[in-house]
Amino acid sequence: MKAVLAIIVASAFVPGPSAQPVEARTAEGSVRSLSVVPSSGKAEIVIGVAGEPDVKDFTLTSPDRIVIDLSGASLDLRARAYDRILRGGISDVRYSQFRKGTVRVVIYLDATHAYQLTRADGEVRVSVTVPMNAQFASWHAGA
């Protein structure tokens with residue numbers, strides 16, 4: 001009986017394929033960089049991607065924020081916390097490997113702002129409409 005119990009206990013500690021951390025699992029694409037940059041009448045969040053992840057966006061309130069889900073992607077950038085300096089209505093940017101194959105970027109806003117999401121070769125851009133005189137220094141994470 002003790003031998004059977006010892007085998008059961010020993011096999012419970014053998015790592016299998018699911019023991020791999022979420023960040024280490026591969027996906028078709030990857031998120032390599034993230035920037036907040038000024039533009040004429042806009043603050044742009046530029047998400048550098050490799051591959052062709054599917055992009056979905058939606059908004060939430062209390063606090064106001066834009067949520068971007070990149071499906072078919074893994075997070076390939078070192079964690080760097082946003083410095084919480086207000087840049088053209090953007091008060092915070094958070095990103096994580098939300099679930100296997102999905103990277104989530106959450107953009108916190110100081111109020112409700114109109115925005116537009118566009119895709120170009122190697123990047124996803126979120127253009128947030130801000131007052132024309134808004135000036136700020138860029139922020140960047142990743143390669």
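Predicted model: local features only at pLDDT ≥ 70, side-chain atom pairs only at ≥ 80, totals over all residues.
View 1. Residues are numbered from 1 along each chain as its sequence is written, and side-chain values use heavy atoms, leaving out hydrogens and water. Strands β8 (residues 115-120) and β9 (residues 123-129) pair antiparallel over 6 bridges. Strands are DSSP runs (E, at least two residues), numbered from the N terminus. Pairing requires at least two DSSP bridges between two strands. The two strands form a hairpin with 2 residues between them. In the turn, G122 has a positive phi of about 80°.

**View 2. S127 sits in strand β9.** S127 counts as buried because its relative accessibility is 10%. Buried means under 20% relative accessible area, exposed over 50%, and partly exposed in between (1.4 Å probe, protein chains only). The S127 side chain makes a polar contact with the E44 side chain at 2.9 Å. A polar contact is a pair of N or O atoms within 3.5 Å; within protein, one must be able to donate a hydrogen and the other to accept it, and residues adjacent in sequence count only if both atoms are side-chain atoms. Beyond four places in sequence, S127 is in contact (heavy atoms within 4.5 Å) with residues including K42, A43 and Y115.

**View 3. R87 lies in the loop between β5 (73-75) and β6 (90-99).** R87 is buried, with a relative accessible area of 5%. Its side chain joins that of D83 in a polar contact of 2.7 Å. Leaving out residues up to four places away in sequence, R87 touches V36, A43, Y82, F136, A137, S138 and W139. The C-alpha atoms of R87 and E44 are 9.7 Å apart, with 43 residues separating the two along the chain.

**View 4. Strands β3 (residues 54-60) and β4 run antiparallel, joined by 7 bridges.** V55 has L70 as its bridge partner in β4. The strands form a hairpin with 4 residues between them. S62 in the turn has a positive phi of about 55°.

**View 5. R65 belongs to strand β4 (residues 65-71).** R65 is buried but has no salt bridge. A salt bridge needs a side-chain nitrogen of Lys or Arg within 4 Å of a carboxyl oxygen of Asp or Glu. The nearest side chain of opposite charge, D64, is 7.1 Å away. The R65 side chain reaches the backbone oxygen of T61 at 3.3 Å.

Note on methods: Lys, Arg positive; Asp, Glu negative; His and termini not counted.
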